[in-house]
Amino acid sequence: MSSLEYRNPMRNQFGTIDCEINHPEFGWIPFTAGPDDSEELGRLLSDEIEAAHADPDSSVSVDKYIAPPSTPDQVKTEANRRIVAICPEWKQRNLIAQATRLNRKPIADWTADEADQVAAGDAIWAQVEHIRAKSDEIEAMDPIPADITDDKLWA
């Protein structure tokens, strides 16, 4: 058993327990305890809190971790990650340059290779547009799901 008072135990996203301990010198301070803690105090306090939580006569409750909802900026960041994975920024610049160059040329004068390049670029941009549309849909959700990396959201 530890000799420290603790309060407000709550499980975090890593499965360990965040709480406050009453430090003999500094008063109430944040502390994280876990069964695999490198410090003995962290292991002892984790065991103590888990035992108290399991005891039906104890008032100690350790709430499950609930991930907070994602933000629109996080959705945009995930959309950007997906877009760059499909079409890195250097390739985006090359496609824009190619489109600018070919825009000056009548379509009838395009070579077969140029037409194939345009078709390939159009296929890439269709994927980018799909990601952007899904990003808009996800951003409009209330609440926005916590795990915005889930491929099902982007399908």
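Is Glu-78 buried or exposed? At 7% relative accessibility, Glu-78 counts as buried, because buried means under 20%. The model described here is predicted.

**Salt bridges around Glu-78**

Glu-78 and Arg-81 are three residues apart in helix 2, so about one helical turn separates them. A salt bridge also joins Glu-78 to Arg-82, here with N to O at 2.8 Å. Arg-82 and Glu-78 both lie in helix 2. They are four residues apart, about one turn of the helix.

How do the two arginines stand in terms of accessibility? Arg-81 is partly exposed, with a relative accessible area of 45%. Arg-82 counts as buried, at 13% relative accessibility. The cut-off of 20% explains the labels: Arg-82 counts as buried because 13% falls under it.

These residues belong to a network. Salt bridges link Glu-78, Arg-81, Arg-82 and Asp-151. As background, side chains of opposite charge can pair when their charged atoms come close.

**A link between helices 2 and 4**

Another salt bridge pairs the side chains of Glu-139 and Lys-76, at 2.6 Å from N to O. This pair links distant parts of the chain. Glu-139 is in helix 4, while Lys-76 is in helix 2, which covers residues 72–86. The two are 63 residues apart. Lys-76 counts as partly exposed, with 44% relative accessibility.

The count for the model comes to nine salt bridges. Three of them are set out here.

| Salt bridge | N to O distance |
|---|---|
| Glu-139 and Lys-76 | 2.6 Å |
| Arg-82 and Glu-78 | 2.8 Å |

**Helix 3 against helix 4**

Helix 4 also packs with helix 3. Helix 3 spans residues 89–103, and helix 4 spans residues 112–140. What is the angle between helix 3 and helix 4? It is about 130°, with the axes 11 Å apart. Helix 3 and helix 4 are therefore oblique to each other. Their crossing is left-handed.

Which residues meet? On the helix 3 side they are Lys-91, Gln-92, Leu-95, Gln-98, Arg-101 and Leu-102. On the helix 4 side they are Glu-114, Gln-117, Val-118, Gly-121, Ile-124 and Trp-125. By class, this contact of helix 3 with helix 4 has five nonpolar, four polar and three charged residues.

Note on methods:
Residues numbered from 1 in each chain as written. Predicted model: local features only at pLDDT ≥ 70, side-chain atom pairs only at ≥ 80, totals over all residues. Heavy atoms only, no water. Axes fitted to C-alpha atoms, helices over the stretch in contact; angles between N-to-C directions. Parallel < 35°, antiparallel > 145°, perpendicular 65-115°, else oblique. Left-handed = near helix turned anticlockwise from the far one by under 90°. Contact = heavy atoms within 4.5 Å. Nonpolar A, V, L, I, M, F, W, Y, C, P; charged D, E, K, R; others polar. Salt bridge = Lys/Arg side-chain N within 4 Å of Asp/Glu carboxyl O. Buried < 20%, exposed > 50% of the residue type's maximum accessible area, 1.4 Å probe, protein only.
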